[in-house]
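Okay, thanks for coming, everyone.

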Amino acid sequence: MKPTFYTAYHKIAPHLQSTSVTPIHVGRALSDTPLPNMIGDDTGENISDRNGSYCELTALYWAWKNDTDSSHIGLLHYRRVFDLAGDHDGATTELFLGRFDIDPWLRHTEAWLAANPGIDVVLPVPHVMGRTVRDNYANRHEPADFNLARDIVATRHPDYLAAFDAVAADRTIYLGNMFLMRRDLFQDYCAWLFDILERVETADRNRDLYSVDQWRYLGFLSERLMTVFINKLRADRPDLDIREVRILNMSQAMVVP
């Protein structure tokens, strides 16, 4: 078994693919033209047609339901990846590059994964916001969805409620739904996360989905929930090998094959 980073694409962009990096077209059920040279999130058991609100999580769901071979499973973006090799210096969680060399990054990523087979979790360096997590969400999204998620946690996952409230009152989150987790931890996380998100999604009330930020609300909500899950995991399992690395953003970079 090998680790697999699924890299979410929704448009043509520089192709990132290697033994442990698999590009996946998210929302392919909604697309007229499948992106070339990659799998889609519309096969097997999937929620590809709900990509509008779930964003990159449709790739996560697909991996949860259909990947039977990987020792670890993770998620990256077509323009955001992890600096596993630690090649770039910076004080922020996300580093915007002027140049991104694909082949060296793929080689270094494969080498790091091969050298760390016992890793449990890889995460972004935590991002500190100017507001609390609760206030930050309410600033650009419907606060009722955040409150509903808390109610669902309280009812269905009460052992996570203290962690939820602590995260809500703090200013720190893990960005981008980006991570790598050991297979069993990944399965636990997805079962917990999608139970909450699907109940938020199907709640019988009106939502303003006209703004982009609110249209993608489940993707944004999941960043907060991932922080809750990880914080409780750290508290419950101090024995785990959890690493934090910086995010490399190539949206402004000259990308070299």
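Residues, for their part, are numbered from 1 along each chain as its sequence is written. Now the caveats: this is a predicted model, where local features need pLDDT of at least 70, side-chain atom pairs count only at pLDDT 80 or more, and totals for chains, interfaces and linings use all residues, while side-chain values use heavy atoms, with hydrogens and water left out.

So, A235. Its place is helix α9, residues 217-236. Buried or exposed, then, for A235? Here I call a residue buried under 20% relative accessible area, exposed over 50%, and partly exposed in between, with a 1.4 Å probe and protein chains only. A235 comes out at 59% relative accessibility, so exposed it is. And if you go from A235 to D89, 146 residues apart along the chain, the C-alpha atoms are separated by 29 Å.

Let's zoom out. The protein chain has 9 helices and 14 strands. Its C-alpha trace spans about 45 × 45 × 35 Å along the principal axes. For the radius of gyration we take C-alpha atoms, and the globule rule is 2.2 Å times the number of residues to the power 0.38. With 257 residues, that rule puts a compact globule near 18 Å, and the protein chain has 18 Å, so the two agree.

What about the inside? Of the 257 residues in the protein chain, 53% are buried. In soluble globular proteins, nonpolar side chains tend to be buried together. By nonpolar core I mean a set of buried Ala, Val, Leu, Ile, Met, Phe, Trp, Tyr and Cys residues joined through side-chain atoms within 4.5 Å. The largest such core here has 85 residues, and L60 and F100 have the most contacts inside it. A contact, by the way, means heavy atoms within 4.5 Å. Leaving out residues up to four places away in sequence, L60 touches a set that includes L75, F179, F186 and Y189.

Staying inside, look at G74, which is in strand β4, residues 70-77. G74 is buried, at a relative accessible area of 2%. Which residues does G74 touch, not counting those up to four places away in sequence? The list is T4, F5, Y6, F179 and L180. T93, 19 residues from G74 in sequence, is 18 Å away in space, C-alpha to C-alpha.

N37 has a positive phi of about 60° although it is not a glycine. N37 sits in the loop between β2 (21-25) and β3 (39-40), and with a relative accessible area of 63% it is exposed. C55, not a glycine either, has a positive phi of about 55°. You'll find C55 in the loop between α1 (51-54) and α2 (57-66), but at 10% relative accessibility C55 counts as buried.

Last stop is N116, in the loop between α3 (102-115) and β8 (121-124). N116 counts as buried, at 16% relative accessibility. Now try N116 against M129: 13 residues apart along the chain, yet their C-alpha atoms are separated by 31 Å.

That's my tour, thanks.

How values were computed: Helix = DSSP H or I, 4+ residues; strand = E, 2+ residues; numbered from the N terminus.
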